[in-house]
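Please study the sequence and the model shown here, then work through the exercises in order. Each task is followed by a worked solution.

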Amino acid sequence: MPDTTPLAVCFGEGMVALVAATAGPLEGCRTFHRSLAGAEWNTAIALASAGIRTSVLSRVGDDGFGRFLTAELRDHGVDDSAVEVDGDAPTGLYVKELSARDDGAVDGTMHYYRAGSAAAAISPQTLTTPVASALLAEAALVHTSGITPALSARRSLPRRPCSRNGTPTGCSAST
């Protein structure tokens, strides 16, 4: 029997975050903590944790970081069937450099490495694959952010109304 609970689809970039284990310049840091990053991917995990059926629509590289990210989705109960694997482009990542402040707090500076990444190749065609089309047609909620079209090399992702067959559906966009 098919699952009839509402579906949330999160559309956007997943990245690996490498966070320095200690404060100081990156050239002096030998240890980093790895985690999943990306607003839409974190939202998908949060929704799944709340018991909502959730899927991610995105692209990753055919590399260890891409496999780590999709495994994290599955480990949290998120469907990754619409995450395309790109054999040519790498998975994007960012490195967080920590700096100690005089008051004892720590500031972070982000260094993004996403140019030429698999997610940067998201295009209108990404939304039209059979798996993506089926998920989008079923979705009660589609969540994305402004960064997704800004990263796309084409920057021409289609805009569609938040309705299906004239019936309003949930849409969410964050910037």
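The model is predicted, so local features need pLDDT of at least 70 and side-chain atom pairs count only at pLDDT 80 or more, while totals for chains, interfaces and linings use all residues. Residues are numbered from 1 along each chain as its sequence is written, and side-chain values use heavy atoms, with hydrogens and water left out.

**Exercise 1.** State how many disulfides a search of the whole structure finds.

Solution. A disulfide is a pair of cysteine sulfur atoms within 2.5 Å. The search of the whole structure returns 0 disulfides.

**Exercise 2.** Determine whether C10 is buried or exposed, and do likewise for C29.

Solution. Buried means under 20% relative accessible area, exposed over 50%, and partly exposed in between (1.4 Å probe, protein chains only). C10 has a relative accessible area of 0%, so C10 is buried. C29 has a value of 10%, so C29 is buried. For the protein, 41% of the 175 residues are buried.

**Exercise 3.** Explain why the buried residues of α1 line one face of the helix.

Solution. Helices (H or I, at least four residues) and strands (E, at least two) are DSSP runs, numbered from the N terminus. The protein has 4 helices and 11 strands. Helix α1 covers residues 39-49, and E40, W41, A44, I45, L47 and A48 are buried there. Viewed down the axis of α1, these residues fall within an arc of 165°, so they line one face. The arc is that of the directions from the helix axis to the C-beta atoms. An α-helix has 3.6 residues a turn, so residues three or four places apart point the same way. After α1 comes G51, with a positive phi near 90°.
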